[in-house]
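Have the structure open beside you as you read.

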Amino acid sequence: MRLVLTGSGASRGMALGRARLQQPSRDLVDERPLPADEVEAEVERLKRAIEIARDELAALRDKLHGSMAREVAEFIDAHSLMLADRELTSGIYELVRQGRYRASAALKLQRDRLVAVFEAMDDPYLRSRKEDIEHVIARVQAGLLREASSEERKLAARVGEILVSDSVAPAELVPLAEHGVLGVVQTAGSRVSHGAILARSLHLPMVVAAHDALGAIQDDDLVLIDGEAGEVIVHPAAPDLARYRAWQRDSLQRSKQLALLADRDTRTRDGVAIALYANAESATDIALARASGAAGIGLYRTEFLFMQRREPPSEDEQFQAYCDVVLGMGGLPVTIRTLDLGADKADASGLTLDDEDNPALGVRGVRLSLRHPQLMRTQLRAILRASAFGPVRVLVPMVCAAEEMSQMRVLLRDCARDLRSAGHEIADNVELGAMIEVPAAAIALPSMIRKLDFVAIGTNDLVQYTLAIDRNNDHLADLYDPLHPAVLRLLAQTITTAQRAGKRVSLCGEMAGDRRYTALLLALGLTDFSMHPGVLLEVRELIATLDRGELRKHTAALLRAPTRERIERVITRMHAP
Ligand code: PEP
Ligand code: MG
């Protein structure tokens, strides 16, 4: 029967496909003791589940293509090998036969034992392999739930899948998209979580905070998701399918219409030039940025190059990746952000700590980078070498204090000197800027601005840290509010401080690409925006209808308004003709 679940839209677009449930493994465990006469049947169930997991991995490997294929294949091979490992499987069968554990409980116990062994290892890389164990066991747990024959499974895989999960780690999203997943429904998460940002970059429609999804949807149910409205329709009816077809037609039409704006300047109605940069994580983003007439790349998040790897990428590998971006942008400026690992962006090479009580307040961003100066040198050398091929700027994430920028400046200078003396061609001047995404940096900016060549405001984190609200916590999504008076004041101060010092200031958080905030940001004096390239033309279209001179008349009222409601009222007035 048709059922509509509501969540929040996190990545636009609609997708129609068969549901594939990824249950959190903690919910699957059946702890009741197993009667003696059911032991062999339970072992058979386990064998079938392992076989399902193995078949799935083989099918996924066959589907791989594109730039990430080699790395993803390595993961899949490692997981397949684990499933073929007799020690792992016989240990599980033994738990069922001797210990009378049910299949799910035996899997959990075996996982906990192995994870404990890995956790006790000194080598950070080996320690991080516990995640592989967790993934493999979770896959077998999911296999236990599936009673479908392999023929049915193949069919389901062919028509495309909508992944339904509690939460998908950002690192998992790329392989999922490569495997042909059409869309994602999460019971948790928010639209500013890194998973959502990456989903937008992968053009993967996503609905988050659909709390009932795991209970209400069954494997292989036909599901229609609307990543704009935040709606999940289970067993869609004829009118839903008609809406889906209409959306397909309209989005084609709309993109043709917007494409006409691709080679236009971005100007307000009263003729003020505005620069729209693109945020990029992938080659597709670069192509889209060019096709949309972006002014350059305002934020290239390099941590996604590191997250799925056992070893950090070498200088040459990074150089290749940065060079591709610089060449791809054909002479337009490219802002490369140094590594921003930590918090929800954990890596597999052991750089991020996994025992922090508050990882969002922990060793992340520039703090982590400065603890690994050699890692930073490698990255900065690669960026500097890429600067020979086009204008490059270096952006430092999660800056809290001027000293961090001084240390980064020294590292950058040393790397430039070493490269030049080794005969490498690099640009004469590579600018160094700071992300303003921690309230301390925004408040202390007047005393720090001299040390910076430019600043980029990261509202995703600035809102989180100003309001003490986890950007990934769906229970607080309605309180995570860029329209809080404190946030507006920090934004206004940052923009004004940078502009008075003659430094370029852009905004590259999700707010920049959200048309609900375009007029507000213009009113606060912002002229440089950086956003997902998929929304750039729509923002350009809107800007052409706005009069900056008129909007600026509302700045004082915006900053005086004591509540969100009053701020919204001013914004509504700003939009009135
Ligand atoms: C931000 O915090 O606004 C930002 C752009 O960085 P990220 O989303 O990668 O944390
Ligand atoms: Mg950030």
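Sort the shell around ligand 1 by residue type and you get four nonpolar, five polar and seven charged residues. Here Ala, Val, Leu, Ile, Met, Phe, Trp, Tyr, Cys and Pro count as nonpolar, Asp, Glu, Lys and Arg as charged, and the others, Gly among them, as polar. The shell holds 16 residues, with Arg 301, Arg 337, Gly 458, Asn 460 and Arg 471 the closest; to be near, a residue needs a heavy atom within 4 Å of the ligand.

Before going further, a word on the ground rules: this is a predicted model, where local features need pLDDT of at least 70, side-chain atom pairs count only at pLDDT 80 or more, and totals for chains, interfaces and linings use all residues. Residues are numbered from 1 along each chain as its sequence is written, chains are lettered from A and ligands numbered from 1 in the order in which they are written, and side-chain values use heavy atoms, leaving out hydrogens and water.

Now look at the polar contacts, meaning pairs of N or O atoms within 3.5 Å. Glu 437 has a polar side-chain atom 2.9 Å from an oxygen atom of ligand 1. His 194 places one 3.0 Å from a ligand oxygen, and a side-chain N or O atom of Asp 461 is also 3.0 Å from an oxygen atom of the ligand. Taken alone, ligand 1 exposes 280 Å², and the protein buries 100% of that (accessible areas by the Shrake-Rupley method with a 1.4 Å probe).

Which elements give two or more residues to this shell? They are helix 9 (194-201), strand 10 (297-301) and helix 20 (459-467), and helix 20 gives the most, with three residues. Helices (H or I, at least four residues) and strands (E, at least two) are DSSP runs, numbered from the N terminus.

So where does the ligand sit? Ligand 1 is in the second largest cavity, as more than half of its atoms lie within 2 Å of the grid points there. A cavity is a set of points, on a 1 Å grid over the protein atoms alone, where a 1.4 Å probe fits but cannot get out; lining residues have an atom within 4 Å of a point. This one holds about 70 Å³ of space, a volume being the space filled by probe spheres set on the points, which are joined across faces, edges and corners. Of its 14 lining residues, Arg 301, Arg 337, Met 435, Glu 437 and Asn 460 are the closest to its centre. Strand 10 and helix 20 each supply at least two residues of that lining.

The count comes to four cavities of 30 Å³ or more. The largest has a volume of about 80 Å³, and its lining includes Tyr 277, Arg 393 and Asp 528. Strand 14 (454-457) and strand 15 (504-507) each give it at least two residues.

Helix 11 (238-259) is among the elements that give two or more residues, and its nine residues are the largest share.

Key. Polar contact = N/O pair within 3.5 Å; in protein donor to acceptor, adjacent residues only side chain to side chain. 1 Å grid on protein atoms, 1.4 Å probe; cavity = no way out; pocket = protein on both sides within 12 Å on 5 of 7 lines; lining within 4 Å.
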